Every structure is written in C-alpha cells, then in structure tokens.
Amino acid sequence: MPWEQYLPVNAKFWVTKATTVKSKLFSPSDIQSIVKKAVVERLKSVYGVGWFAEDGAAYPIRVFFMKDEAVLALDTTGESLHKRGYRKLTAKAPISETLAAALIMLTPWKADRILVDPFCGSGTFPIEAAMMAANIAPGMERSFLAESWQNLVEKRKWYNAAEEAGDLIDLSVKTEIQGYDIDGEVLKAARENAKRAQVDHLIHFQQRPVSELSHSKKYGFVITNPPYGERLEDKDALPELYTQIGEAFRRLDSWSGYVITAYEDAENYIGKRAAKNRKIYNGMIKTYFYQFPGPKPPKRNLVM
C-alpha cells in the first residue's frame, strides 16, 4: 500500500487494533506486529531513512480480516464516537450517546412533541433529543484525531465545517422534554451534562419515581432505559418496577412508549405485548427495544 500518501515522515503510527472473523490469521498481536513492520518497510523505501522519530501527529491504524480479505483503515476519530464531549458525569449504568440517539430516531418523535424519560440517569435521552431539536451536530463539543492531519485535511476545512454546523443551531426552539429520576445526585449530573451540551434550557429535570409518572397533555412519548437488574441483588425489585411502568403507560393511554431493557419478563409485568421489538446490544448486553406506539394526534386544521 502507498502509505506515504497518508503518513508523513514524522508520523506517529501504530496498529491499535486487529480483528479477525473466520480467517486463517487469528492472532491479533501477530497481525499488529506484521502490519507495523510492513508499513515501516514501505516508508523506509520511499523516504530513504532507516529509523523514524515518530514525533509528529498520531495516525492509529486498524486492521479488519473477514475470512482472508483484509481492510486497513486510519482511525480518524481518536476517542470513540459515542463520546460526544458533553457527558463528564454518568449514572451507574449509562446508555451510550450514539445508541440513545439511534433509538430516538427509530421512533416517530419530533421536536414539537412531548418526550419524557422517567429513568433519565445522567440525562442522555433528554439531552440527545434536545440536541436534535436544536439541530446541534453530534460532536460539536469534542475534537477529532484527524484535525491534526494537516497533510490530509486542511485546518481551514475543519473550521469551515464547524462554522457551518454552528450556523444551523437554533437554541430558541421550543420543546417539552423532561427527565425524571429518583436519585437527586444523578439529576445534578444530568443538569451539568445538559449545560455542557448547551441544552439545559430545553429540558426540565425533576426528582420523581416512575409510579408518579403522569401528564395532562396527550400524544407524548416515553423513551427510556430502566434498570435491567444487572446485579443479582437488584433483580427482586424488577417485577414491581415494570408493573409501575405498565400502570404509567395505562394512565398515558394516548402516549407512545419505547423501552430498552435486558429484562426478559418486561412485557409480562408491563402488562401488554409490544407492537414491535428489536434486538440491540447495549455494550455487551443483549437488550430489546420494546415499542408500544400510541394513536396519532389529530391533524391540525390549517386556516388559509
């Protein structure tokens, strides 16, 4: 491969990860070592040097083998993409920012509809929804490793992209996004995270148990990540907890409910079958995204 097109002579480069699926080559450490050596040999022949200082920008390399076909990639991101940059404080079992955003996008929720997360923890669902409502691009509060690759992407292009994304933000949007939790300390973290994401004014956080979940308005959405009982000592509390979720759904009979959980008896205690569920991995945990869509609101009469 023509690595000189990507790696300058002072590049700091290493094979950060090797993955194999159904390949004759199955040792990640050996693959990493062989690929690093091959890159070095190529650059030696092109740059005419026998040793590399590697004191410049970082260029992590990733290798993926599917059967016996390899894909090589430069890691442009650095820290994982799920780290948006706003979440410094987290709850005990936080959902990743990217997964929360994807689950919201799997629902018909729009910025002009009510959204409540009764197990909001560090606030990820409400914050991601508020960022969507305000048209804040994911990653606005973070940096990316490729920003230092001036041989590949000019600094000006990064500035232009950030400026364009900034121009599209609308912090004056009106929303009804709410996050509830029974833990007051966790709610402090949620408020801090929302402030970092610039959407604290778009979200109402309140200390409240799911048993008190109610709302005077119709056609809202509940999107939530309740406890799964990951620890054995927590499992005994799950039947009552999911029964309370079901009772709340019955009180909000015109609302739509969306629940991601690994609790296998969730539907039984909620008290009704989901119209649809999707198998989704939350980290290494197999979970299901149960979807209980409510009725659509009546169409508004437009006066011409």
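User: What is Phe125 in contact with, leaving aside neighbours within four places in sequence?
Analyst: Ile95, Ala100, Leu103, Ile104, Asp117, Ile223, Thr224, Asn225 and Ile260. Contact means heavy atoms within 4.5 Å.

User: Which other core lies apart from it?
Analyst: A core of 22 residues, among them Val116, Ala248, Phe249 and Trp255. A nonpolar core is a set of buried Ala, Val, Leu, Ile, Met, Phe, Trp, Tyr and Cys residues joined through side-chain atoms within 4.5 Å. Buried is under 20% relative accessible area, exposed over 50%, partly exposed in between (1.4 Å probe, protein chains only).

User: What kind of model is this?
Analyst: It is predicted: local features need pLDDT of at least 70, side-chain atom pairs count only at pLDDT 80 or more, and totals for chains, interfaces and linings use all residues. Residues are numbered from 1 along each chain as its sequence is written, and side-chain values use heavy atoms, with hydrogens and water left out.

User: Which residues touch the most other members of the largest nonpolar core?
Analyst: Leu103, Trp109, Phe125, Ile127, Val199, Ile203 and Ile260, out of 34 residues. α3 gives the largest share, six residues.

User: Switching to Thr224. Where is it?
Analyst: In strand β7, residues 221-224. Strands (E, at least two residues) and helices (H or I, at least four) are DSSP runs, numbered from the N terminus.

User: Is Thr224 buried or exposed?
Analyst: Buried, with a relative accessible area of 1%.

User: Which side chain does Thr224 have a polar contact with?
Analyst: The side chain of Asp117, at 2.5 Å. A polar contact is a pair of N or O atoms within 3.5 Å; within protein, one must be able to donate a hydrogen and the other to accept it, and residues adjacent in sequence count only if both atoms are side-chain atoms.

User: Now α2. Which residues are buried there?
Analyst: Glu97, Leu99, Ala100, Ala101, Leu103 and Ile104.

User: What do those buried residues pack against?
Analyst: α3, β7, β8, β9 (276-282) and β10 (285-292).

User: And the whole chain: how many helices and strands?
Analyst: Eight helices and 10 strands. Buried residues make up 39% of the 304 residues.

User: What box do the C-alpha atoms fill?
Analyst: Roughly 75 × 50 × 40 Å, taken along the principal axes.
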